[in-house]
Amino acid sequence: MHTAHDRTALEDLLELLSAKKMVLIDTAGVAQRDTRTRELLDMLAHPSINKLLVVNTAVQGETIDDVMTSYRAAACKGIVLSKLDEAVKLAPALDAVIRHKQKIVAVANGQRVPEDWHRLSGQALVHRALRATGSPAYNFDASEMNLVFATPQMTERRPVPAGRA
């Protein structure tokens, strides 16, 4: 393992490791809204680096979309869907991947690498996304439906005596 804190150090390490078949670069989870994200992406804009974006499938679809936009998914060679074992629904992640026109190159369903990394067919991913997920997060009882669709009743407004407003 090596650490590169800037572009010069990264280029030196890439030169040092140039005989290797593959070099993995981990960005250590810099959040998509972190001010350092742009700096990180600029540093990784080296022509010899093929980027894969790892997407946490256990977060909301809007967050996945934000991550893919912030991390410039269009410039990546593919997507790795992670935390499939933690995701209640897979469909939001697949939706984001489709809308960003990306290719899923692997999925991860656990903490052990490489044992928990797999390739799944498109058919297997869609099947998993559409299967029943157990109990829904919001389960209305019939007696609660009137509360959801009730029209608020107007109450009579009384004038406020002068000097008390």
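Which residues of helix H4 (residues 91-99) are buried? This report on a predicted model takes up that question and then turns to a strand residue and to the pockets.

## Helix H4

The buried residues of H4 are Ala-93, Leu-94, Ala-96 and Val-97. Because they cover an arc of only 160° around the axis, they are on the same side of H4. In general, an α-helix has 3.6 residues a turn, so residues three or four places apart point the same way.

The cover over the buried residues of H4 includes helix H5 (122-130), together with H3, E2 and E3. Just after H4, the chain reaches Lys-101, which takes a positive phi of about 55°.

## Ser-82 in strand E2

Strand E2, one of the elements that cover the buried residues of H4, contains Ser-82. Is Ser-82 buried or exposed? Its relative accessibility is 12%, and therefore Ser-82 counts as buried, the cut-off for that class being under 20%.

Leaving aside neighbours within four places in sequence, the residues in contact with Ser-82 are Val-54, Val-55, Asn-56, Thr-57 and Ala-108. Among these contacts, Val-54, Val-55 and Asn-56 fall within strand E1 (52-56), while Ala-108 falls within strand E3 (104-108).

## The largest pocket

The largest pocket has a volume of about 1700 Å³. Its lining is made up of 45 residues, and those nearest its centre are Ile-25, Asp-26, Leu-52, Leu-53 and Val-54. Val-54 is also one of the residues in contact with Ser-82.

Which element gives the most to the lining of the largest pocket? That element is E1, with five residues. At least two lining residues each come from strand E1 (52-56), helix H3 (61-70), strand E2 (78-82) and strand E3 (104-108). By class, the lining of the largest pocket comprises 26 nonpolar, eleven polar and eight charged residues.

## The second largest pocket

The second largest pocket holds about 700 Å³ of space. It is lined by 22 residues, and Ala-4, Ile-25, Asp-26, Thr-27 and Met-43 are the closest to its centre. Ile-25 and Asp-26 are also listed among the residues nearest the centre of the largest pocket.

Helix H1 (7-16) and helix H2 (36-43) each supply at least two residues of the lining of the second largest pocket. By class, this lining has 14 nonpolar, four polar and four charged residues.

Definitions and conventions:
Residues numbered from 1 in each chain as written. Predicted model: local features only at pLDDT ≥ 70, side-chain atom pairs only at ≥ 80, totals over all residues. Heavy atoms only, no water. 1 Å grid on protein atoms, 1.4 Å probe; cavity = no way out; pocket = protein on both sides within 12 Å on 5 of 7 lines; lining within 4 Å. Points joined across faces, edges and corners; volume = space filled by probe spheres on them. Helix = DSSP H or I, 4+ residues; strand = E, 2+ residues; numbered from the N terminus. Nonpolar A, V, L, I, M, F, W, Y, C, P; charged D, E, K, R; others polar. Buried < 20%, exposed > 50% of the residue type's maximum accessible area, 1.4 Å probe, protein only. Contact = heavy atoms within 4.5 Å. Arc of directions from axis to C-beta.
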